[in-house]
Amino acid sequence: MDINFHQLIDIASWLFLAYGMIMSLGYIFSSIFSLIELRDYKRKYNFKDEIGLLQSAHMPMISLLAPAYNEEANVIENVKSLLTLDYPSFEIMVINDGSTDHTLEKLIHNFDLYLDENIYFKHVPSKNIKGIYKSRNKAYKNLKIVDKVNGGKADALNSGINCCSHDIICCIDVDCVLERDALLKLIKPFLNNTKKVIASGGIIRVANSCVIEDGRITEVRLPDNFIARAQILEYFRAFLMGRMAWSRVDGLLLISGAFGMFDKATVIEAGGYNHNTVGEDMELLVRMRRIMREKKIPYTVGFVPDPLCWTEVPQTWNVLYMQRNRWTRGTVETLNIHKKMLFNPSYGVLGLLSTPYWMFFEWFAPIIEFFGILFFVFLLVFGQVNWIVFLIFFGVVYSFSILFSITALFFEEFSFQQYKKPEYMLRLLYTAMLEPLIYHPFVMWSAIRGNLDLLLGKKSWGKMTRNGLGNNVVKGKS
Amino acid sequence: MSILPQAFEDWTIILKINFILSVLFVTLALLLLGTVLYMRILKNRSEERKKTLEILLIDFVNNFLFDEEFDKSKNSVNFKNKHLKTPYDSKIAITQILLFNENLKGESSSLIKELFFGLGLYTFLLKDLKGNAWHKKARALFVFNKLSVEVPEPLVVSQLNSKREEARHQAILYFINSSENDPLSFLDKIDTPLTLWQQIGMENAMKAYSGEIPNFSKWLNHKQQSVVIFCIKMIVDHNQFENILSVQKLVNHPNARVRRQAIVSLRKMEIGEVLPVLIKNFPNEGPKIKQEILKNISKLGSEEELKMIAPHIHTKDRVLKIEYLKIARYFNPKLPKVKKTILKIYPPEMNKAKYY
Amino acid sequence: MKKKILVIEDNPMVIKSLEFKLNKEGYDVYLTADGREAMDKLKTETFDLVLTDLMLPFVSGSQLIAFIKGEHPQVPIIVLSTATQEDIITDAFTMGVDDFITKPFSPNELALRVKRTLGKIKNSN
């Protein structure tokens, strides 16, 4: 018995070490790539020539798609703030996804809307559209409201795609706070490339506790809420280190549903958003990339690290749990739908790097961690815990997560430092030290439950999150 | 140190590795933290430096521009020696000068230029332009261009086909703005495609160009299709009706994108004469161009012409079909309404892509 | 007595240049960076001329013009703005603005126009 335990512990230790090494190597590489990409970006956009863009008649026209479900409290202000975005020619399509409150009535009343009889074509599947509204007021001539039967976020966005008139679409959450020049910055990858650009995404920033005036962030503050602060660190890691690096090797798999721009023709060709997954934003980009690859058309996906989109993140454990549970299911579903790409050299970077990364780092990591803890509990029960060994193992994991978070802080400092007070840096450091002990295990547990729910075929969660569309449940996953 | 090694000796290899790694991580974390704090302090300090220097600069420039008794050359040398010690200082000075240049015109413009030379900023940027870093080169060209300062031409020509889009962009703008009568002559030297971004920059530069606008048809046979497309757009923007015939010929160009731009531009210029050719070409064009042709017929043609292409719209081309019906109703409002026609057939790729 | 000019402009470089140039021309120059502050100043003091931008923080230029035209209709207003669109300029004139100078501007020309506007007012009085 004794020997068996030792062998077991030995094997487990080596496995642990090997896994840890792979993880660390991955992070080191991603830091390096991200550093190069960030430096390049900063050099590239050194010139302030947006004014020229604003006057150009040849800028591609953009359709902004903003799904809204029971948003009567803020919808008017949100739309007004969207109307003041700096861009020469764009339309705003607010998609009322069968709200049960007075969202539509409020919009009709405030913007003097009338029902416009127009033909539209169902390029991608979506539920029935009850009507498209336009404003009588010239000041709102680029505003359209699509009223439709409730069908969830993917369905709402698909309706928007069917009804909108321009070639570039920008999908946003209606409650996001966008910087004035957000569209100008996000369109740049489309203009700046000789290759075809199918999509471009931006960084999501945490808006909790920030001062917002007239739909603009006027002062960036660090939230007092620990959960929100932990997410700030998490978003630094995910966006500044993760996605920036993926962008460098052109292997980006996810553009946040909260803020992303797409080439409409390619979206339609791919079939639009998928109704059958809760991770519709990731699934769409993967499918678009896959189709381009299969058709052997050279293409690329852009990424813009400027802080352009600010969003409220969950502040309570419960909402955070639901969000992470859903993200996990979205990831697993997407990987499952596109399992053909995994380790498939004919998909290039996507097959050999991106999808395996998502499988090992995003899907398996919490599960492996969970089993590690189970194993520890098992040893504890049988009184086999060697506390020195435990302390050392714990030390290596803990020191690594702190190192990782500090690296993220470094990237924030290097890129577009938003938390300028030195006091903020110290509080973030303090958060980084607590995060692995409190926040991380909870997120891991949410992911485990997500896996279980998926395994048990629980669909009820989908409905719940649908109700929360654009409300508190924010998308911005790594 | 005396206790640890003893225990350390007894540990298994795996424990040793882990222990060393922990120590390594902690050290790295501390180092990195130091770097972050150091960067923070450095940034704050340079921000402060920037603020003080900006105030000094604004004062100095105002004196330079508006005080007639001010000894310009002597004070410039003094200011340069006293305040512009590092490249960072020079960069701040350049930014301020650009700001002045952007807001003031008339007699002040030439004074600003004089100041730019007086502070040694020309020499500073010329060094950048001769150096190796592409971003410095692009930045230097950007400034020279904004202030309309001339530099030796070979230095700019070499950037026209630079590997970096940004350097090419600035070189292009420089050539347009610095040329007296032939702003686009550089197009002959271009052998990389123009990005949309560059085209927009060129378009704006041409709008602001004070000399004679060239005849854009000169480059309609350029080997880069993006150059051809740009010139078609410019012919419309600058109303060069004398070039309509040349544009008309492009509807038979081998490249689809050129054909499409020609069709769009002819529509904008309201040239109906080319419709028979478009109708003849219709059956052989791709869906995108077909849609453009439909739009041309809708704007410039008649119901008869629309009917001529009807046989070539297949029932499976739903998007085209609906476009066709819309235009048919536009020509003849008595036709039955199609507003409730919501077609539910997705493109064939969809069925494959939908749910794997 | 020196003529008093109120300048409302949020670009620090432009405001400094205006101050410098107008001081040189022998005016008393009062500076504000936003519309709200300008309104407060206008409530307590009288000015011979107002020189304002249209894009201002807090209170927009047109709101400010409407305020001045209501409270002190005799004070001439010159707008200094980047707007090059016809409609914005026409709008400003219909609101009763005396002159419109577009940025980039020539400081000498601006001084001339200020002088002219002040002169016009004197003559009509």
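Reader: In what order do the elements of chain C run from the N terminus on?

Author: This is a predicted model. Chain C has five helices and five strands. Read from the N terminus on, the elements of chain C follow the order β-α-β-α-β-α-β-α-β-α.

Reader: What is the order of the strands in the open sheet of chain C?

Author: The open sheet of chain C holds five strands with parallel pairing. Strand E2 (28-32) and strand E5 (99-102) of chain C each have a single partner strand, so these two stand at the edges. Neighbouring strands of this sheet are turned by 20° against each other on average, direction ignored. The order of the strands is E2-E1-E3-E4-E5.

Reader: Which residue is the bridge partner of C:Val7 in E3(C)?

Author: Strand E1 (residues 4-8) and strand E3 (residues 49-52) of chain C run parallel and are joined by four bridges. In E3(C), the partner of C:Val7 is C:Leu51.

Reader: At about what angle does helix H1 of chain C run to E2(C)?

Author: Helix H1 of chain C comprises residues 12-24. This helix lies across E1, E2 and E3 of chain C. Its angle to E2(C) is about 170°.

Reader: Why does the radius of gyration of chain C agree with that of a compact globule?

Author: The C-alpha trace of chain C spans about 35 × 30 × 25 Å along its principal axes. A compact globule with 125 residues would have a radius of gyration near 14 Å. The value for chain C agrees with this, because it is 13 Å.

Reader: What percentage of the contacts in chain C between residues at least 6 apart in sequence join residues at least 24 apart?

Author: Of the 125 residues in chain C, 33% are buried. Contacts are considered here between residues at least 6 apart in sequence. The share that joins residues at least 24 apart is 59%.

Reader: Which element gives the most residues to the side of chain B that touches chain C?

Author: Between these chains, 12 residues of chain B are in contact with 14 residues of chain C. Helix H2 (13-66), helix H4 (87-103) and helix H5 (107-118) of chain B each give two or more residues to this side. The residues on the side of chain B divide into five nonpolar, four polar and three charged. With four residues, the element that gives the most is H4(B).

Reader: Is A:Gly151 buried or exposed?

Author: A:Gly151 is placed in the loop between strand E5 (143-148) and helix H5 (153-163) of chain A. Leaving aside neighbours within four places in sequence, A:Gly151 is in contact with A:Asp97, A:Ser126, A:Lys127 and A:Ala156. The cut-off for a buried residue is 20 or more other C-beta atoms within 10 Å. A:Gly151 has 21 of them, and therefore counts as buried.

Reader: Which residue takes a positive phi in the hairpin of E9(A) and E10(A)?

Author: Strand E9 (residues 211-213) and strand E10 (residues 216-219) of chain A pair in the antiparallel sense over three bridges. A:Ile212 stands opposite A:Ile217 in E10(A). Two residues lie between the strands of this hairpin. The one with a positive phi, near 50°, is A:Asp214.

Reader: How many residues does the largest nonpolar core have?

Author: Nonpolar side chains tend to be buried together in soluble globular proteins. Among the residues with the most contacts inside the largest core is A:Val94, which touches residues including A:Ala66, A:Leu107 and A:Val174. A second, separate core has 94 residues, including B:Ile97 and C:Ile78. The number of residues in the largest core is 124.

Definitions and conventions. Residues numbered from 1 in each chain as written. Chains lettered and ligands numbered in written order. Predicted model: local features only at pLDDT ≥ 70, side-chain atom pairs only at ≥ 80, totals over all residues. Buried ≥ 20, exposed ≤ 12 C-beta atoms within 10 Å, placed from the backbone. Contact = placed C-beta atoms within 7 Å. Pairing = 2+ DSSP bridges. Nonpolar A, V, L, I, M, F, W, Y, C, P; charged D, E, K, R; others polar. Axes fitted to C-alpha atoms, helices over the stretch in contact; angles between N-to-C directions. Rg over C-alpha atoms; globule rule 2.2 N^0.38 Å. Core = buried A, V, L, I, M, F, W, Y, C linked by C-beta atoms within 7 Å.
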